[in-house]
Amino acid sequence: MRGPGFYAALANSMVAGEATEDAIAARVAQTLGNRWRWIRPLTRRYFARFGIAVRPRRRTVIQFLKTDEGLARALRTHSKQVRIAAWLAPTATMQPAHRARGWPVPAIESVGALAEWLRITPGELEWFADLKRMIARREDGFEGPLSHYQYRILAKVGGDVRLIEAPKQRLKIMQRRILGEILEKIPLHPAVHGFRRGRSIKSFAAPHVGQRVVVKMDLRDFFPAISAPRVQAMFRTAGYPERVANLLGGLCTNAAPRALWTAKGRGIDPVHMAEARQLYAWPHLPQGAPTSPAVANICAYRVDSRLTGLAEASGAVYTRYADDLAFSGGEGFERGADRFAIRAAAILMEEGFAVHHRKTRIMREGVRQYLAGIVVNEHVNVIRRDYDVLKATLTNCLRHGWESQNREGHPDFRAHLAGRVSFVEMVNAQRGARLRRLFERISW
């Protein structure tokens, strides 16, 4: 029986440099001091297990080696001859996956380099990344001076619970640098329209104008469904060494302290509260961090590719805006729309996402077809009822004062109304101009 050091040495040789069969086989032979005939088959099994898309974690490779039957047979046959002749240190260089070799991300190859890049000390880097979830385990972790986030619990329509996790200033500065210099350099799938420069809700809806049928789907808990290991794998795909990728992932994810729910969850249904506590307990993308939308879009690349392929095979077009998914097509797609929605939901489940089935809509000609608040029957337009309500609100602000219309207690009601007017202007310039004239006459 070989000790853990033997498998660790082999794992080091496999992840130490270039990820090709020849290079890995040569490093394994160097580690063992002999070009055993079973090294090449072992290398092929390694590639069959991990491929070359993402550099695997060292501990995962160790587990693979311990359970590989071919290696076990070789060790039994040559038990006295096989030994570790040389230890190769794990690589500390950038090693991007094949599809990531053109990504213009900065080279950061050590913990010290990452700390320097973020303008903090290595100790502060470990503290902010909190890979061991020490802050989440503290009783005062949700509001004490050591906490990196401020929390707000919202009860959604239907009883579900949403947690807003807003990073404090120092962490937010680091996240913005990661966003601007790493995440925004990574290409997104063409179907993505949310949180992307040059795209909008209007561009998300436009491809579905005038179609025979529009299928609308909504994802449940889009951000918290993306776990820290998934985020760390994304950074390893970009080429960052495992330790650097882990810390970058830690800076972009968060685990909500359990004490938070006891302190701030009063008045929320206990069943939904328990589900939310379980969902947010593990490191996930926090809704409120500047990095989360970009990370979510990058991590969803595979599912966007699969859904695009499914749509094209069915004669349909696919677009996504954050957690809103839209498919549309002609007569052929209309006949199989119900089956299509089931197949799309199955793909999403396989990729770690869940569909809000109550919000799935199959909208055929003759009914209002709408996506993210935009009507797409004949041309993109705002929903008439939403337009009328906003127009009435602005008119009442003129007649009775804006305070009388702020029934939901918005802290900045002017900015709230300005945003709604801007939305209408983006979708329908003529209607938006009418609302803008009303807005500008209000005495604030």
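Guide: Let us begin with a term: a residue is buried under 20% relative accessible area, exposed over 50% and partly exposed in between, with a 1.4 Å probe and protein chains only. This is a predicted model, in which local features need pLDDT of at least 70, side-chain atom pairs count only at pLDDT 80 or more, and totals for chains, interfaces and linings use all residues. Residues are numbered from 1 along each chain as its sequence is written, and side-chain values use heavy atoms, without hydrogens and water.

Visitor: Is Tyr-240 buried or exposed?

Guide: The limit for a buried residue is under 20%. Tyr-240 has 0% relative accessibility, so Tyr-240 counts as buried.

Visitor: Which class of aromatic pair do Phe-222 and Phe-223 form?

Guide: Rings of Phe, Tyr and Trp (its six-membered ring) pair if their centres lie within 6.5 Å; planes under 30 degrees apart are stacked, over 60 edge-to-face, and the rest tilted. A search of the whole structure finds 20 such pairs. For Phe-222 and Phe-223, the centres are 5.7 Å apart and the planes meet at 35°, so the pair is tilted.

Visitor: How many disulfides does the structure hold?

Guide: A disulfide is a covalent bond between the sulfur atoms of two cysteines. The criterion here is a pair of cysteine sulfur atoms within 2.5 Å. The number of disulfides in the structure is zero.

Visitor: How far from Cys-252 is the nearest cysteine sulfur?

Guide: Cys-252 is buried, at 0% relative accessibility. Cys-252 is in no disulfide, and the nearest cysteine sulfur belongs to Cys-299, at a distance of 9.6 Å.
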